[in-house]
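Please look over the sequence and the 3D structure shown here before reading on. The report below then goes through a few local features.

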Amino acid sequence: MAAPRLALISKKIIKPSSPTPLSHRIQNLSIFDQLNPCSYMSLAMFYPKQYNRTLPVEPSHIVENSLSRALTSYYPLTGTIRYDLHVECNDVGAKFLEVKIDCPMSDIFYHGSTAAEDLVFPTDVPWTPSKENLVVAQLDHFNCGGIAISVCVSQKIVDGLGMANFINHWSAMARNPCAPVPSFQFVGGSVFPPTSGHIAEAILKSKTRGNHGFISKKYLFLRSKLNSFKAMIAAESGTRSSSSSTDPTSVEAASAFVYKCIASNSTSPSVFTQSVNLRPVVKKMLPEDFQGNASFLFMAPQIVDPTEIKLYRLIS
């Protein structure tokens, strides 16, 4: 695939459709907010051209208007983080870019390099520190007529599930422009009280010490092969334990398999971590309409000898 050309169509700041009330101006960070790195999580959604359907208005109009309404409910995402202690919800807004990518959408999916996927994200934004705007979105137009919408959201405000909730809320606003704008509670700072900024910074540095970048790889698992692999792990688990067996999810099976392959071919010690949603554990402490950070990294016991890695034990 030849390197596609990107052409910037527009760059805007999208403000909430309604100003944030003064009573919500300051939102204290929680301990989970503080311990999260100050970087963006990134997600892209692809929409092939629909030949049997004509949109009544331009996609950019729908995306911008619905984002503006969604930000009214997720007002901390339009604010500014101060001293790693609170968010000043000052409605600075989200950055929104619209670009033209000179290639068909299929080139992104079927190209082996992950660099192809980076095209759909704002340049140099994913996984970088989130400083000016806590949300950066981009609408991509492919020359095949398809579009992609990429979103980068600060981990200081929401976790993976919180980001999914925000995107679902945004899409609901896009489907129904007349839908009422709901209110959510960003009360993580009172449920999970913060510590001093200096202590949080020291803990975060200790977690990331020695981090010199990352490597991204793409793997394709056929559904039939993945199902066979999951059945094999479950069967092996059942033969090792009379009381219970491991019935792995697709994510668990694939993650454990990839980790074992990487660890077995490395001379350096390795650790396997997984971000875990804590909401089911602390649901009695959280209001029903809670939004924000409520997850934490859990670590599998370090295995010195990679040959000793058993997939069913790693999953359990």
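A residue is called buried when its relative accessible area is under 20%, exposed when that area is over 50%, and partly exposed in between, with a 1.4 Å probe and only protein chains counted. The model is predicted, so local features need a pLDDT of at least 70 and side-chain atom pairs count only at pLDDT 80 or more, while totals for chains, interfaces and linings use all residues. Residues are numbered from 1 along each chain as its sequence is written, and side-chain values use heavy atoms, with hydrogens and water left out.

Asp-91 counts as buried because its relative accessibility is 13%, and although Asp-91 is not a glycine, it has a positive phi of about 60°. Asp-124, which is not a glycine either, has a positive phi of about 65°, but Asp-124 is exposed, with a relative accessible area of 67%.

A salt bridge is a side-chain nitrogen of Lys or Arg within 4 Å of a carboxyl oxygen of Asp or Glu, and by this rule the count comes to 5 salt bridges. The table gives some of them.

| Salt bridge | N to O distance |
|---|---|
| Arg-25 and Glu-88 | 3.4 Å |
| Lys-156 and Asp-84 | 2.9 Å |
| Asp-159 and Arg-279 | 3.0 Å |

Both Asp-159 and Arg-279 are buried, and salt bridges that share partners join Arg-25, Arg-82 and Glu-88 into one network.
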